[in-house]
Amino acid sequence: VPMVAPGNVQVHVINSTLAKVHWDTVPLKTVRGHLQGYKVYYWKVQSLSRRSRRHVEKKILTFRGNKTFGMLPGLEPYSSYKLNVRVVNGKGEGPASPDKVFKTPEGVPSSPSFLRITNPTLDSLTLEWGSPTHPNGILTSYILKFQPINNTHELGPLVEIRIPANESSLILKNLNYSTRYKFYFNAQTSVGSGSQITEEAITIMDE
């Protein structure tokens, strides 16, 4: 098997889900056989928004021939990763380069995990929601938009409310009685807005 590991391994993080890794070719005499390519082993160490560590699944990408760089797609935003590089010949893999640590930046969050609308009164509705399963960063706020829908399904004026990220419920007051409302709800990080979930609810007709 090859005798030495690739040197000068460098990682260039391109965005929250993509990184490029560079390495120096090894001297051909140390390959001790036919150079087939390089293998990059990489794995997520932890999410930076949740401190929980879980079983680490190592991923392997093979780059054929005498390449000196490769792309690592499909990374998770706002996470810490490690990687190393190895030479491959017809017999197997050489030793691993020293582990290199890199971090991906924040991305936009996934949609809130749920939105429930309860306790209808003449002029109010109570909203409850769950935080995104994948925050992909530090949540900065939630954005709630809502508008009335009349009997012919025409949409009325849109109202927008920004809600602090640590809140999980809200009582909407001063609504019209016996009116259907449509709600659009999403979470934000400093990078931008995540995908929204929608829900409809009706205030009651009379007490």
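Good morning. Strand β6 (residues 79-89) and β7 pair in the antiparallel sense, and four bridges join them. Two strands are said to pair if DSSP finds at least two bridges between them. Strands here are DSSP runs of E with at least two residues, helices are runs of H or I with at least four residues, and both are numbered from the N terminus. One of these bridges links S80 to its partner K103 in β7.

Before going further, a word on the source. This is a predicted model, in which local features need pLDDT of at least 70, side-chain atom pairs count only at pLDDT 80 or more, and totals for chains, interfaces and linings use all residues. Residues are numbered from 1 along each chain as its sequence is written, and side-chain values use heavy atoms, with hydrogens and water left out.

Let us return to the sheet. Strands β6 and β7 belong to an open sheet of four strands, ordered β4-β3-β6-β7 and paired in the antiparallel sense. Its edges are β4 (59-64) and β7 (100-103); each has a single partner strand, so one side of each lacks a neighbour in the sheet. From one strand to the next, the twist averages 30°. For such angles, axes are lines fitted to C-alpha atoms, for helices over the stretch in contact, and the angles run from 0 to 180 degrees between N-to-C directions.

Next, a sheet of three strands. This open sheet has the order β8-β9-β12, again with antiparallel pairing. Here β8 (112-118) and β12 (169-172) take the edges with a single partner strand each, so one side of each is left without a neighbour in the sheet. On average, neighbouring strands of this sheet are turned by 20° against each other, direction ignored. Six bridges hold the antiparallel pairing of β8 with β9 (residues 125-132), and T118 stands opposite T126 in β9.

What, then, of the whole chain? How many helices and strands does the protein have? There are zero helices and 14 strands.

The radius of gyration, taken over C-alpha atoms, is 26 Å, whereas a compact globule of 207 residues would have one near 17 Å; the globule rule is 2.2 Å times the number of residues to the power 0.38. Along the principal axes, the C-alpha atoms fill a box of roughly 85 × 35 × 25 Å.

Finally, burial. Of the 207 residues, 40% are buried, where buried means under 20% relative accessible area, exposed over 50%, and partly exposed in between, with a 1.4 Å probe and protein chains only. Thank you.
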